[in-house]
Amino acid sequence: MAKLEWDKTGERLFETGTKNGVLYVYDSSKVNASTGPYTPGVAWNGLTGVTESPSGAEATALYADDIKYLNLYSAEELGATINAYTYPDEFAVCDGSAGIEVLAPAYSSSSTYAKDAVVSYDGHNYKAKQAIETAEAWTAAHWELLPSTMPMMIGQQARKTFGLCYRTALGNDTDGQDHGYKLHLLYGCKASPSERSYETVNDSPSAITFSWTITTTPVSCTINGVTYKPTALITIDSTKCTQAGLTALENALYGTNGGSGVDPTDPYLPLPSAVYTLLASTANG
Amino acid sequence: MDSRLELQTKLEQLLGTRNVYFQPPENVKIKYPAIIYSRTRIDARFANNNGYKLDHAYQVIYVHSNPDDSFIDTLALFPTARFQREYTANNLYHDVFIIYYK
């Protein structure tokens with residue numbers, strides 16, 4: 001082994017920034033074998049910072065035979081703080097709100113409808129693709145599902161668990177901030193109630209910065225046949241992955257547009273073992 | 001509409017005349033009372049490693065000859081307006097405000 005050297009050119013690394021936040025809401029009723037228990041991800045705009053705050057692992061000293069005999073360590077926990085100027089609508093259910101859809105008049109099988117007429121059916125709003133000039137039973141092909149808008153939110157509801165992914169930059173002395181990046185995947189997050197301070201517009205314009213304190217519940221983690229302690233955080237270093245593996249993982253996390261006969265895919269949060277599979281199988285294949 | 005042009009329109013409506021000038025060149029003949037304004041600062045806020053929101057600050061100078069002109073109060077009540085100072089030059093009163101607009 002050669003003599004140690006410090007701060008060699010290209011090895012003066014640093015980390016900075018945060019961007020590309022993606023929210024994945026946990027929904028046990030929509031567990032999918034391939035994409036896991038989280039609903040398709042949505043972009044988190046206006047993300048200004050994420051602070052990871054590990055805690056626990058506190059030592060309790062035991063004494064015997066007039067000496068310090070051993071230290072017992074408490075379990076380690078992971079908390080976090082998210083700061084942002086705004087949040088995706090989908091986060092409302094994670095922040096103690098329930099969205100209420102405002103429904104159009106119910107569909108009637110004894111009525112006729114003009115093109116673009118809006119009705120509700122089975123709890124969703126639909127728009128007529130074509131004029132329905134003869135009354136008929138509900139025919140899904142004639143109607144287009146309108147996206148849920150949830151204009152009404154009710155507070156103080158149960159908080160849903162969510163996952164989060166975000167990216168930080170990895171820089172060095174030669175490439176600057178473009179050296180690489182780290183992907184941070186957080187699982188089993190739950191947001192605590194947080195203050196929102198609204199103030200009058202005044203002579204010092206400012207935008208509210210929302211802040212949420214997060215606690216996490218670790219998920220089981222068996223990778224490559226090895227069972228690790230449950231974890232709530234996975235970090236992937238782009239400079240240490242193969243490009244193919246990284247692309248496969250990012251396609252999962254951010255989704256794809258598809259094209260030329262290939263269907264687009266929804267973004268999803270793979271569980272730890274699936275993250276390894278994405279990184280490894282593509283690399284070996 | 002461009003936010004600067006919107007501000008121009010609002011200042012013209014407040015003043016009730018078109019004597020509102022944005023960074024006028026020296027050869028422009030100014031009619032008084034007038035508002036002369038210029039962009040002094042752009043405050044940027046950042047998110048996602050990018051600029052996210054910009055606040056444009058304008059220095060707005062109301063130039064007039066009446067020491068008791070009540071339009072100063074009107075301007076002071078403009079949302080985000082902050083009175084800075086008053087001075088006299090060329091026998092005209094100059095009341096300086098900072099206004100943030102979009």
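How many salt bridges are counted between chain A and chain B? The count is one salt bridge, meaning a side-chain nitrogen of Lys or Arg within 4 Å of a carboxyl oxygen of Asp or Glu. What you're looking at is a predicted model, where local features need pLDDT of at least 70, side-chain atom pairs count only at pLDDT 80 or more, and totals for chains, interfaces and linings use all residues. Residues are numbered from 1 along each chain as its sequence is written, chains are lettered from A and ligands numbered from 1 in the order in which they are written, and side-chain values use heavy atoms, with hydrogens and water left out.

**Where the two chains meet**

- On one side, 19 residues of chain A are in contact with twelve residues of chain B, where contact means heavy atoms within 4.5 Å.
- Chain A and chain B bury about 1200 Å² between them, and 52% of that is on carbon and sulfur atoms. Buried area here is the accessible area (1.4 Å probe) that two parts lose on being put together, summed over both.
- In chain A, the residues that lose the most area to chain B are Y85(A), D203(A) and P205(A), which together make up 45% of what that side buries.
- Six residue pairs are in polar contact across the interface of chain A and chain B, both residues being at pLDDT 80 or more. A polar contact is a pair of N or O atoms within 3.5 Å; within protein, one must be able to donate a hydrogen and the other to accept it, and residues adjacent in sequence count only if both atoms are side-chain atoms.
- Two strands of chain A, β1 (14-25) and β3 (47-56), are the elements that give two or more residues to the side touching chain B. Helices (H or I, at least four residues) and strands (E, at least two) are DSSP runs, numbered from the N terminus.
- The most comes from β1(A), with five residues on that side of chain A.
- Sorted by class, the side of chain A that touches chain B has six nonpolar, eleven polar and two charged residues. For this sorting, Ala, Val, Leu, Ile, Met, Phe, Trp, Tyr, Cys and Pro count as nonpolar, Asp, Glu, Lys and Arg as charged, and the others, Gly among them, as polar.

**Salt bridges**

- Side chains of opposite charge can pair when their charged atoms come close.
- Over all chains, the count comes to 13 salt bridges.
- One of them pairs D203(A) with R82(B), at 3.1 Å from N to O. D203(A) lies in the loop between β13 (176-191) and β14 (210-216) of chain A, and R82(B) sits in strand β4 (residues 81-89) of chain B, so this pair joins two chains.
- D203(A) is partly exposed, with a relative accessible area of 26%, and R82(B) also counts as partly exposed, at 32%. The cut-offs are under 20% relative accessible area for buried, over 50% for exposed, and partly exposed in between (1.4 Å probe, protein chains only).
- Within chain B, R18(B) and E12(B) meet in a salt bridge at 3.9 Å, N to O. R18(B) is exposed, at 68% relative accessible area, whereas E12(B) is buried, at 16%.
- R41(B) forms a salt bridge with D43(B), their closest N and O atoms being 3.3 Å apart. R41(B) is partly exposed at 40%, and D43(B) is partly exposed at 23%.
- Over in chain A, salt bridges that share partners join D95(A), R159(A) and R196(A) into one network.

**A helix in chain A**

- Helix α1 of chain A (residues 243-254) has twelve residues, and at 1.5 Å a residue they should span 16 Å; the end C-alpha atoms are 16 Å apart, which agrees. The expected span is 1.5 Å times one less than the number of residues.
- Among the buried residues of α1(A) are L246(A), L249(A), E250(A) and L253(A).
- Following α1(A) comes G255(A), whose phi is positive, near 80°.

**Two buried residues to look up**

- Q8(B) lies in helix α1 (residues 3-15) of chain B and counts as buried, at 12% relative accessibility.
- A polar atom of the Q8(B) side chain lies 3.0 Å from the backbone oxygen of V20(B).
- Leaving out residues up to four places away in sequence, Q8(B) touches V20(B), F22(B) and Y37(B).
- F210(A) is in strand β14 of chain A and counts as buried, at 10% relative accessibility.
- With residues up to four places away in sequence not counted, F210(A) touches residues including I82(A), Y85(A), R196(A) and Y198(A).
- F210(A) and G225(A) are 15 residues apart in sequence and 41 Å apart in space, C-alpha to C-alpha.
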